[in-house]
Amino acid sequence: MRFLTRLLLHVVLAALVWFQAPAPLHAQEPASLVQRQEATIDRLALRSEELTRAVQAAAENDERLVELRLELEQLARELLEASVRFRPRLAEINARLEQIGAPPIEGQPPEPAVVAEERRALNAEKAEINALIGKAESTSIRANQLVDTISTMRRDLFANTLSKRYDLDFALGGDALEELGVEAVDVWNAFASWARHVVRFKLTSALMATLLAALCAVVLLVGGRRLFGGLITADPLKEEPSYLSRLSVAFWATLLPALAFAVFLFSGFYFFDFFDIYRPDIRAVMLSLVTVVSVVFFVHRLAAAVLSPKLPNWRLVGIGSRPASMLLWLVSATAAITGLDALLNQINEVFGSPLSLSVAKSLVATVLVGVFVILIGLVKPYQDEDGGSVAWPGWLRAVLFILGGATIAAALLGYIGLARFVSQQIVVTGAIAATMYIGFLSANAISQEGAFAHTALGRRLEERFKFDETTTDQIGLVVSIAANVLIILLGLPLILFQWGFQWGDIQGWIYRLAQGVTIGTITISPLGIFSGILVFIIGYFLTRGFQGWLDGKVMARGRMDAGVRNSIRTAVGYAGIALAALIGVSAAGIDLSSLALVAGALSLGIGFGLQNVVSNFVSGLILLAERPFKAGDWIVAGGVEGTVKKINVRATEIETFQRQTVILPNSDLINSAVGNWTHKNKLGRVEVPVGVAYGTDVRKVHTILTEIVTSHPLALKNPEPFVLFANFGESSLDFEVRVFLADISNTLLVKNDLRFAILERFTQEGIEIPFAQRDLHLKSADGVVIRTEAAPKPAPARSRRRPKQA
C-alpha cells in the first residue's frame, strides 16, 4: 500500500513538471509546417510562370485575358494566405528566443549545449521561414504586376479594335460577290449534312430537347400570366388607362414574353448541347443565332409596347398612330440588320471566310443602320393644333443625326470596328436602357401614395391578406425599392457586357466590393455593412418577439401588474436592441477600438451640449429601475395631473383627464416632487365639503350625511366613512364627508353621487344650503343712491357681505 502511494505521488509530480516546464520548440515538429508551406509556395510559383506564358499567348483574346486575370488574383490571395500561416510559428520562435536569451559573451560561463543547439535550430528555422515568405511576396508582386499588364493589354486591344482602319478597295471589288456565293454554299452544305445526321441518328434526342425547351418556356409564360395576367395584355375597351397601368403593361408585356422566348431558345440550345447533337462548327453558329433572335425579338416587343400603334390609349408617348407604325418598323429593321451583321460575322469566323467578305458585309450593315437611325430622326411624330406634323425636339433630332452620321462616316472611312460598335450600342444598349427607364418610371409610379392599392397585385394582396390602406401603401414602397434594385442588378451588367466588359470583370468587382475598401486603418466592406444591418434587423425582431412572448405568456399568467409588465418589457426591449446593435457592429467588421477617438469626442459633446439628453436618459433608467410610478398610475407632477401612458428613455408620456398628452422630461420627474395616487395600491380617500345655514340642527345634519355616505355601494366599511364638522364658516356651518374607496379612479363618480344624494335629502328635510349674497349700490349724478340686489335675501341667521362700488 505504501509503495502504491509513493508511486502515485511520483507520477503526479512528474506530470506537474511536464506541464509547467516549457518544452523546446524544435520538439514540436515544425518541419511539417515549413515543408507543407514550401511545397504550396513552389506550386504557386510554378503556376505563376504558366500563367505568364498563357497571358503572352492570349494577347488577342479579351475573354481569355479576363479569365487569366481572375486566376492571377486568386493566386496572389493564396500566396498571401501561405505567408500568413507562418505568423503563429514566427511568434512562437521569437518568444522562445527571448526566453533563452542571447548567447553568453566572452568572459561569461558557457551555456549548456542543449540550449545552444536549440537556439541554433530556432534561428535556422526562422531564416528558412523568412526565405519562404520572401519568395511568396516576390511571386505575389509578379502576379499583381501581371494583372496590371493584362489591364493594359485589354485597353490596347479594345482601342485597336475600334481604331483599326481597313482598305475598302479590295472589299468592294467584284470578288466579294463571288466569295459570298461560295460561303453561302459552304454554310448550306454544312447545315444540310448536320441535319441529315440528326434525322438519321439523333432524331429522338432532338425531339426530346425541343420538348423540354418548350416546356420550360410554357411554364414560365403560364406562371407569369397567372401572376401578372392583368399587367401583360392591354385592355382595348379601357378608354383612359392610368399612366401607371400603361407603364406596367409596357414593362411586363416586353419582359415576360421576351424572357419566355429567350428561355425557349437558350434552353433548347442547352439541351441540344447536353444530348451532344451539335457539331463544333454548328454549335458556335447556333449560339450566335439564338442570341441574335432573342435580342431582335426583345427590341421589337419593347418598341411595340412603348409605341402601341394599334391601341393609342395605351401608348406611352403622345404621337400619332401612323408615325408610331413607322417608328416600330424602323426600330425593328435596325435591330434585325445589326443582329444579322453579328450572325454573319460569327459565320465568317467559323468557316474561315476571306477578310474582304467580312469587311464588305459589315460595311453594308453599318451603313444601313446609320441610314435607318437618320430616318428615325426625320420622322415627324407629333401634331400641332391645326393637325400638321411636328418633328422631334431639336436636341433629340441632333442626337439621332449625329449617331447615324457617325456610323455611316466611320464605315465609309474604313473604321469598320468602330462603326459596328456604335451600331451595336444604338440597338442593344438603347433597348436595355429604354427598358430600364420604363422600369424606373413604373417603380416610381408605384411608390406614389395610394398608387399600389390600385394595381392588380395590390388588390390581390388586399383581398388575400386583408391589408388596410396604410399597410398596402407601405408594401408598395417596399416593392418600388425592390424593383429599382432589381432593375439595376439586371440591366447594368447587360450594358457593361455591350461595352466590352466580361463576366470576369464583374466577378472581380464583386469580390473586391465584398473585401471592402481600406481607408487608413479602417476597412469599409459593403457586404459586411449589409450583414451587420441584416443581423441587427433579425435581432430587433427577435427582441420584439421575445417581448411579446414574455408579456403575453409569462407575465400575464403570473397576474403581474400592468405597470410592472410594462417596465420589464421596456427594459428587455432596450437591452435586446443594444445587444443586437453590438452584434450587428461586430458582424459588420467594425473594430470598436478604432472608434475610441470618436467616443472621446462624443464624451466631450455629452459633457457640454448633450448633458440634458444624457440626464433624461439616466433618469429614465432610474424610473424603470426604482419604479416610483409605472404605466397606468395616476400622478400629479407640478401643474400636470393625469395617467402615465408610457415611460420612454428621454421623457414620460402623461395623458390628462382632458385627453391631452403631456411629454415630461424624465429629469423633471426625478428632481421634483411627484404625487402618485396609485403607488402601492388604488386605495384612496375622497372629501366632499358641504355647508348648511346657521340655525340648522347640526346633529341632524351629521346623522343625515352619515346615512348617505355609508349607504353608497363603493364606500369601504374599513376604514369606515366619516363626517367631520369642519368649521364655522363666514356664511355657513361647514361639514366634510370623507369616504375611502378601493379604487381611487372612481373619485368623480362617488363625488357626483354623494352631491346628488345630499341635495335631494336636504331638500326633503328642509335644510338650507347657504350661499353668499352680493348687493350692488350705484350712486346717480344727483346723489341719489340706487340699491340693486344681486341675489335673493338669505335667511336672517346668515351673515352678509356688501362691498360697495361707486
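A nonpolar patch on the surface is formed by Tyr-574, Phe-617, Val-618, Leu-621, Ile-622 and Ile-670, with about 450 Å² of accessible area together. Such areas come from the Shrake-Rupley method with a 1.4 Å probe, and for residues only the protein chains shown count as cover. Patches are made of residues with over 30% relative accessible area and no salt bridge, with like charges joined within 9 Å and nonpolar side chains (Val, Leu, Ile, Met, Phe, Trp, Tyr) within 5 Å; a salt bridge is a side-chain nitrogen of Lys or Arg within 4 Å of a carboxyl oxygen of Asp or Glu.

This is a predicted model, in which local features need pLDDT of at least 70 and side-chain atom pairs count only at pLDDT 80 or more, while totals for chains, interfaces and linings use all residues. Residues are numbered from 1 along each chain as its sequence is written, and side-chain values use heavy atoms, leaving out hydrogens and water.

Helix α21, residues 611-626, gives the most to the patch, with four residues. Helices are DSSP runs (H or I, at least four residues), numbered from the N terminus. Leu-621 is found in α21 and is partly exposed, because its relative accessible area is 40%; buried means under 20%, exposed over 50%, and partly exposed in between (1.4 Å probe, protein chains only).

Thr-334, by contrast, lies in helix α11, residues 321-351, and is buried, with a relative accessible area of 4%. Which residues does Thr-334 touch, not counting those up to four places away in sequence? They are Val-369, Phe-372, Ile-376 and Val-427, where contact means heavy atoms within 4.5 Å.

Methods
Helices (H or I, at least four residues) and strands (E, at least two) are DSSP runs, numbered from the N terminus.
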